[in-house]
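Open the model in your viewer and keep the selection panel at hand. The stops below go from the whole chain to single residues.

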Amino acid sequence: MASLAWLLIPFLAAVGAGLWATWAARNRKSGKTGDVTELNGYAAFREAMEKSHSGT
């Protein structure tokens with residue numbers, strides 16, 4: 001019976017890892033994540049940096 005418990009521990013860990021991987025790789029459709037949002041943020045950052053140095 002003790003050997004069954006020791007075999008159950010890695011099995012439950014593998015199931016937990018699989019569930020976490022599925023959750024982490026889910027398709028996020030909220031529009032708040034992704035490359036487009038990050039690129040837009042970077043473009044806004046560049047514009048702000050150019051404005052702050054354009055006076056000199």
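What share of the 56 residues of the chain counts as buried? The share is 0%, with buried meaning under 20% relative accessible area, exposed over 50% and partly exposed in between (1.4 Å probe, protein chains only). This is a predicted model: local features need pLDDT of at least 70, side-chain atom pairs count only at pLDDT 80 or more, and totals for chains, interfaces and linings use all residues. Residues are numbered from 1 along each chain as its sequence is written, and side-chain values use heavy atoms, without hydrogens and water.

Color by secondary structure. The chain has two helices and zero strands; these are DSSP runs (helices H or I, at least four residues; strands E, at least two), numbered from the N terminus.

Next, select leucine 19. Leucine 19 sits in helix α1 (residues 2–24). Its relative accessible area is 58%, so leucine 19 is exposed.

Move on to arginine 26. Arginine 26 lies in the loop between α1 and α2 (35–53). Arginine 26 counts as partly exposed because its relative accessibility is 38%. Show its side chain: the side chain reaches the backbone oxygen of tryptophan 23 at 2.7 Å.

Methods: Polar contact = N/O pair within 3.5 Å; in protein donor to acceptor, adjacent residues only side chain to side chain.
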